[in-house]
Structures are given as C-alpha cells and as structure tokens.
Amino acid sequence: MNRRDFVKQSAIGVAGLTVIPSGTLFARNADKVRLGYIGVGLRGRSHISEGLLRDDVEIVAICDIQESSLKYCRQQFVKVNKKLPAEYTGGLDAYKRLLERKDIDAVIIATPWQFHKSQAIDAMRAGKYVGCEVIAGISLEDHWDILKAHEETKMPYMTLENVCYRRDVMAVLNMVRQNLFGELVHCEGGYQHDLRGILFNDGKSFYGKGGEYGPNTMGESQWRTQWNINRDGDIYPTHGAGPVMHYLDINHGNRFTNLVSFSSKSVGLNQYIEKVSPGNKNAKIKFRNGDVTTTMINCANGETVMLSHDVHLPRPYSLGFRVQGTGGIWMDVANSIYIEGKSAQEDVWDKADAWLEKYDHPLWKKNEHLAEGAGHGGMDWFVFNAFVMAVKERRQTPIDVYDSLTMSVITPLSEKSLKEGNTPQQFPDFTRGKWKQSKNTFALDDSGF
C-alpha cells in the first residue's frame with residue numbers, strides 16, 4: 001500500500017484512554033475528520049498535501065490573507081481532483097468566520113508566530129481541536145493564556161513538532177526505554193540550520209540569493225527575518241526540546257526547573273547580505289539575535305539539557321542531538337553511538353546505523369510505507385497522522401497542551417535571561433504539580449500516538 005492508496009484507519013477502542021467530553025463538537029461521520037486550515041503558506045500547504053492523500057480527512061475550509069498562497073493551494077486540490085474548500089480572506093480576522101463553521105472538527109494553524117496565540121484560543125473556544133505549528137506564544141503571559149483557554153474549553157491543543165517523530169529520534173527513544181544508555185544524565189538538541197537563504201531573497205523566488213526581506217519578498221522572509229532583528233533569545237527551541245522532553249520524561253515524572261541563556265555576537269547575517277548583495281542597506285542592520293544562542297536547563301531529577309539556536313552562519317543542517325547516560329551515548333552530528341560493553345571496540349564509536357536499524361521504533365516499522373515521500377524525511381506524515389487520529393478517536397493528542405507550552409516557553413525565558421545579564425529564570429510548571437504522577441504515554445507502541 002502506498003501513500004496515495006492510504007485508506008482511512010479504523011478507530012480503535014478508547015477504554016482507559018483520555019476521552020474528550022461528549023459535549024464537544026465532533027464529526028458526524030466518525031470515520032472522517034473535517035479540517036480547517038488557518039494559513040496556507042509553504043508550511044500550511046505541506047499539511048494540505050498530507051490531508052489530500054487521506055480518505056479519512058475532508059479539508060472543508062482554508063484561510064489566508066495572501067491571494068498568492070490561496071492560488072498555490074487551489075492548485076494542490078485541482079492536481080488530485082479534489083473538491084475546492086471554502087475560502088476565507090480579506091483581513092487578519094478572516095479566520096474567525098472559518099471558526100464559526102459547525103462542520104469543522106479541528107484546525108491546523110500555520111501562520112506567522114505572532115498570530116498563533118489568538119487563533120488557537122479562538123479555535124478552542126469555538127470547540128475545535130487545535131494543531132498549531134511552533135511556537136505557541138510570544139510572551140510568558142501568552143502561554144498561560146493558552147493554558148487557561150484549554151482548561152476552560154477542555155479542547156486539546158497540540159504543537160505539531162515533527163522532529164519528535166524523526167526516525168532516528170524515535171529509535172533512540174526506543175533505546176532509552178530499553179535502558180541501553182543506562183540512567184540518563186545529559187541531553188542536547190537544537191536548531192542548527194543555515195537559514196540565510198530563507199531569511200533573505202530577491203523577491204522573485206522562495207530561496208533566492210538576494211538580500212531583501214519584508215512584504216515584497218517571498219516566503220518566510222516576509223515575517224521571520226524581523227524576529228532576528230527585534231529579539232535576542234532562542235526563538236525556535238522546539239525542534240531540540242521536544243524530543244529531549246520525551247527522553248527525560250518531562251511533565252511525566254520529571255520537569256524543567258530553571259534555565260540560563262547566552263548569546264554570541266551577531267555578524268553572520270550582515271556579512272551574508274554584503275556578500276550576496278554588495279552595498280545593500282540591509283547589511284548595516286543591527287540584528288539583536290546572536291548568531292549562536294546557547295541555553296542550559298536543569299531538571300527536577302538532576303539531568304542537564306543544552307539547547308542551541310544557530311541559523312545565521314554557514315553550516316550543514318543538524319539538530320545537534322546528544323543523549324548521554326551511565327551506559328552510553330548517542331550523538332547525531334557524527335552519527336555515532338557508544339554502548340559500554342556492547343559496542344564493537346572499547347572507547348571507539350560505532351556508526352549509529354546498525355543500532356538505529358535494530359531499535360527502529362515500532363511506529364516507523366509499521367508505517368514506513370505510508371510516510372514515504374512525506375515532508376522532512378517522512379516525519380511530517382507521522383505528526384499529521386497523530387493529530388488526525390486523536391481527533392478521530394476523540395482522545396487527547398500525544399503532544400498535549402502542557403508539553404506544547406513547556407517546549408515553547410523557552411523562547412521568552414531565554415530572552416529574559418539574556419536581557420537580565422544571563423540570569424537564571426525559573427521554569428513555570430504549567431501542570432501545576434500533576435507532572436509528579438503523570439506517566440509518559442508518547443509513542444509507547446505502533447498505534448500512531
């Protein structure tokens with residue numbers, strides 16, 4: 001069975017699972033999830049692609065304020081001979097009319113970061129499941145506001161953090177749970193990705209070599225670049241934090257307690273602009289965001305975590321994962337594993353491939369053929385599938401609101417630490433103490449959650 005032949009999955013029994021109150025809105029046909037999309041730029045259209053391949057998903061409505069994005073999105077439906085969705089546009093509040101529809105069970109939010117909080121809160125209050133791209137909110141108060149809306153409405157909120165489903169990340173999670181690394185002591189992760197060609201382009205192509213940004217350019221340079229001008233902090237922490245949280249059972253018997261951040265000087269973007277567009281005035285912009293931001297986090301159970309945000313300099317892509325315990329270590333940059341007493345040679349790295357294949361997560365073993373061709377090496381299928389299945393089965397999302405807020409709030413906390421001279425910041429406990437009894441249920445088997 002290939003991805004295009006994917007037929008709706010049968011709902012499984014929900015005995016013993018977290019079931020959402022029966023008073024909330026759900027699909028009249030339990031075998032089909034009806035989605036609305038708020039934001040159909042590049043990332044939103046990636047989620048559109050996943051929805052169009054499924055017989056158990058109906059894309060009812062889309063919303064975007066840019067005609068170019070709506071045009072590209074229409075082409076996706078025409079290409080696969082699917083009915084065009086209703087469209088909502090014309091202003092920043094257009095999404096509110098989409099939320100008034102009674103035939104939508106869930107929304108996927110893929111707009112610029114500054115809109116996520118309000119759109120997610122409004123969606124929960126409209127009785128919709130929320131699948132939101134990173135990040136959740138801009139300020140610490142934003143995160144508490146999202147939690148308040150969730151607790152008032154009981155509607156699930158899921159950050160669509162796809163790296164939690166990356167194949168090697170999940171294989172290592174399987175190894176952690178089988179105690180291959182012993183007792184965990186330290187983990188690392190981050191976002192280490194040369195974004196210069198995304199933050200700036202020539203206004204004619206998404207990944208042009210020009211030095212422009214803002215409303216007259218293409219793609220994320222229209223809005224994302226401004227965050228690097230205005231803010232100094234780890235402005236994109238979830239790719240590293242999400243998987244690490246699962247390794248360390250954060251919010252499930254463990255929690256982040258405090259953090260401190262450090263930021264390097266900012267020169268990379270200036271030199272890049274001057275190189276690709278000599279004499280461009282943008283080369284003189286003072287970018288507040290350091291070229292490399294490093295954040296250290298303490299955990300209640302004694303582990304330490306290091307996160308890195310590194311997107312302004314030339315470098316191959318890597319998320320910089322490291323999982324280290326009393327029995328061994330994995331590092332993704334070198335694709336290396338060492339397990340004491342089990343590696344081929346003492347004090348010599350093994351290539352990780354054989355280990356990752358041996359401990360391939362059951363979820364990937366079962367669904368590899370369905371994820372083939374999906375974005376970001378297949379992990380986009382898994383995160384989309386997890387959200388859809390949660391809606392379909394009226395149960396809690398595998399990355400819940402507490403996990404979503406915890407990985408996202410690192411941004412304002414790191415910013416505050418830097419602003420106050422690298423002072424430690426106390427981590428909010430969004431669970432209000434429930435982390436002590438909560439058990440980690442993320443991807444325990446091959447069920448899709």
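Two strands pair if DSSP finds at least two bridges between them. Strands (E, at least two residues) and helices (H or I, at least four) are DSSP runs, numbered from the N terminus. This is a predicted model, in which local features need pLDDT of at least 70, side-chain atom pairs count only at pLDDT 80 or more, and totals for chains, interfaces and linings use all residues. Residues are numbered from 1 along each chain as its sequence is written, and side-chain values use heavy atoms, leaving out hydrogens and water.

Strand 11 (residues 322-325) and strand 12 run antiparallel and are joined by four bridges. Gly325 stands opposite Gly328 in strand 12. Both strands belong to an open sheet of nine strands with mixed pairing, in the order 14-13-12-11-7-10-9-8-15. Strand 14 (350-351) and strand 15 (425-426) each have a single partner strand, so one side of each has no neighbour in the sheet. Helix 15 (residues 410-419) packs on the sheet and touches strands 8, 9, 10 and 15; contact means heavy atoms within 4.5 Å.

The loops hold some backbone exceptions. Most residues other than glycine have a negative phi, and most peptide bonds are trans. Asn335, in the loop between strand 12 (328-331) and strand 13 (336-339), has a positive phi of about 50°. Asn335 is partly exposed, with a relative accessible area of 25%. Asn179 has a positive phi of about 65° and is exposed, at 53%. Here buried means under 20% relative accessible area, exposed over 50%, and partly exposed in between (1.4 Å probe, protein chains only). A cis peptide bond joins Val134 and Ile135, with omega about 0°.

Note on methods
Axes fitted to C-alpha atoms, helices over the stretch in contact; angles between N-to-C directions.
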